[in-house]
Structures are given as structure tokens and as C-alpha cells.
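Visitor: Could you walk me through this model, one question at a time?
Guide: Gladly; here it is.

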Amino acid sequence: AIKAGEGNVENEAKCYSNITHCYNKKKDFNKAVEVSFKAIEAKPDFWRVYLRCATAFDGLNEPNMAAMALMKGQAWTDNNMDLNDELMKINELIRAEVCKYLEKYLNKNVKDVNLKKLREEGFKKDKEEKIEKVDLSLPGLVASRNEPSSGSSSSSSEEFAGIDGGKPSATKKKSPKKKQMFRQQSNSSKTSNKKFNDNEKEFT
């Protein structure tokens, strides 16, 4: 039928519209949508195809696209009552959302909306920058073998006491006990040296 009426845009639109209707009856809504686009492209002011296109979108659970198709049909057919009645069946919030989208992104120019492109790309969404706080204390984090455990922190702090910047300090203070032992050793060595010198004098 399409080939026979080639060159007759109205006949072409009717044929594609009827094929869309058949696919809707078979519940093959994806095919119905694809064919309805061809009908709209052939004759944008053919109102019936917008009804069938919206039916297919409704079957695919795409109410935003259904509303957009019906609004586009209204723009091309001077607010056709059948299209208006079908549009009123769609949730009021969905209709308001589509109207807001048209105002923000398409300057309310629903007549020139490319339904096929819109469906492929999807409705634009406002970009919201979300700043999330990052939790650095990760649960289940196990210390590596090179890292000291919490139990050995006191001992390690004692080992590195007196170390400045990872290097040993230049001077180390001796404890009073060690000083006393050192003095006793030096005194005893002096005494032994004196006795040795006296013995040497006796033999000379």
C-alpha cells in the first residue's frame, strides 16, 4: 500500500499509522513507536498517528514521551479535542513536568520537537553538584606488617626517645649510676698504677 501510494504523503502517513495501530494490538510497542515516527515524518499534521504513538509510549511505561507526543500533535492540529482528551488522562504531575521541560529547554516550541531524537537521548536533567563527605576511617582496615600495632606503641616510643628527626641525638647523657661506676673504675686504675710505680722504684 505504501509503494502503491508513493508520492502521496497523506496515504503514506495513513499506512504507517495503521501499521502502528496493528503493532499496538499485538503489544509490540517498540515497533509501534518506530513506525509512528515514520508517519509523523511523512505528514506531521496527521493527528491520529499521535494518538497511536502515545498509546505505544504508554504501553512502554514512558508517560513523559506519551505526553510530549500528544502535545506535539495538538500544536500541529490546532488543539484537536481527541488528543486533548487523551492528554488529560495522563497524570497531572507528568504533564506539568513536560511543560516545564518545554519552557526550559525548547522555548515552548513543542511543534518542532523531534520525538525520535528525544527518546534516544532522553530528557535532560539539571546537573546537581553533590559534595559528599569522605569517611577516611575505613572499616575492616588491617595494619600492614611494617606498621607498629597499637600494643607496641609505648615500647616503640621509648626506643625512639631522644631521637630527633629519625637520627640519634649528638650527645647522650649518662645516668648517675653509670657516672659513679666510671669514677670508681678510674680511681682503682690510678691506685694500681701508683703501686706498680713504687715496685719499680724498689728494683732500680
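What follows is a set of questions and answers about the chain, its helix packing and a few of its loop residues.

Guide: Before we start, this is a predicted model, in which local features need pLDDT of at least 70 and side-chain atom pairs count only at pLDDT 80 or more, while totals for chains, interfaces and linings use all residues. Residues are numbered from 1 along each chain as its sequence is written, and side-chain values use heavy atoms, with hydrogens and water left out.

Visitor: In what order do the elements of the chain run from the N terminus on?
Guide: Helices (H or I, at least four residues) and strands (E, at least two) are DSSP runs, numbered from the N terminus. The chain has nine helices and two strands. Their order is α-α-α-α-α-α-α-α-β-β-α.

Visitor: What percentage of the residues in the chain is buried?
Guide: Buried means under 20% relative accessible area, exposed over 50%, and partly exposed in between, with a 1.4 Å probe and protein chains only. The chain has 204 residues, and the buried share of them is 25%.

Visitor: Among contacts between residues at least 6 apart in sequence, what percentage joins residues at least 24 apart?
Guide: Contact means heavy atoms within 4.5 Å. Of the contacts between residues at least 6 apart, those that join residues at least 24 apart make up 55%.

Visitor: What distance does H1 reach from its first C-alpha to its last?
Guide: H1 has 17 residues. The expected span of a helix is 1.5 Å times one less than its number of residues. For H1 that expectation is 24 Å, and the helix comes close to it, reaching 24 Å.

Visitor: How are H1 and H3 oriented, roughly parallel or roughly antiparallel?
Guide: Two packed helices are described by the angle between their axes and the distance between the axes. Here the axes are lines fitted to C-alpha atoms, for helices over the stretch in contact, and angles run from 0 to 180 degrees between N-to-C directions. H1 (residues 9–25) and H3 (residues 47–59) pack at about 25°, with axes 9 Å apart. Angles under 35 degrees count as roughly parallel, over 145 as roughly antiparallel, 65 to 115 as roughly perpendicular and the rest as oblique, so H1 and H3 are roughly parallel.

Visitor: How do the residues of the contact of H1 with H3 divide?
Guide: H1 contributes Ser 17, Asn 18, Thr 20, His 21 and Asn 24, and H3 contributes Arg 48, Val 49, Arg 52, Thr 55 and Ala 56. Ala, Val, Leu, Ile, Met, Phe, Trp, Tyr, Cys and Pro count as nonpolar, Asp, Glu, Lys and Arg as charged, and the others, Gly among them, as polar. The division is two nonpolar, six polar and two charged.

Visitor: Which residues is Thr 20 in contact with, leaving aside its neighbours within four places in sequence?
Guide: Thr 20 lies in H1, where it is one of the buried residues, and the buried residues of H1 pack against H2 (29–42) and H3. The relative accessible area of Thr 20 is 0%. Beyond those sequence neighbours, its contacts are Ala 32, Val 35, Ser 36 and Arg 52.

Visitor: Which residues of H5 make the contact with H4?
Guide: H4 (residues 63–76) and H5 (residues 81–88) pack at about 155°, their axes 9 Å apart, and that makes them roughly antiparallel. From H4 come Ala 67, Leu 70, Met 71, Gly 73 and Gln 74. From H5 come Leu 83, Asn 84, Glu 86 and Leu 87.

Visitor: What value does the phi of Asp 78 have?
Guide: Most residues other than glycine have a negative phi. Asp 78 is found in the loop between H4 and H5, and it is exposed, at 71% relative accessible area. Its phi is positive, near 55°.

Visitor: Which residues is Lys 111 in contact with, again leaving aside neighbours within four places?
Guide: Lys 111 sits in the loop between H6 and H7 and is partly exposed, at 34% relative accessible area. Met 68 is 43 residues from Lys 111 in sequence, and their C-alpha atoms are 9.9 Å apart. The contacts of Lys 111 are Lys 72, Ala 75 and Trp 76.
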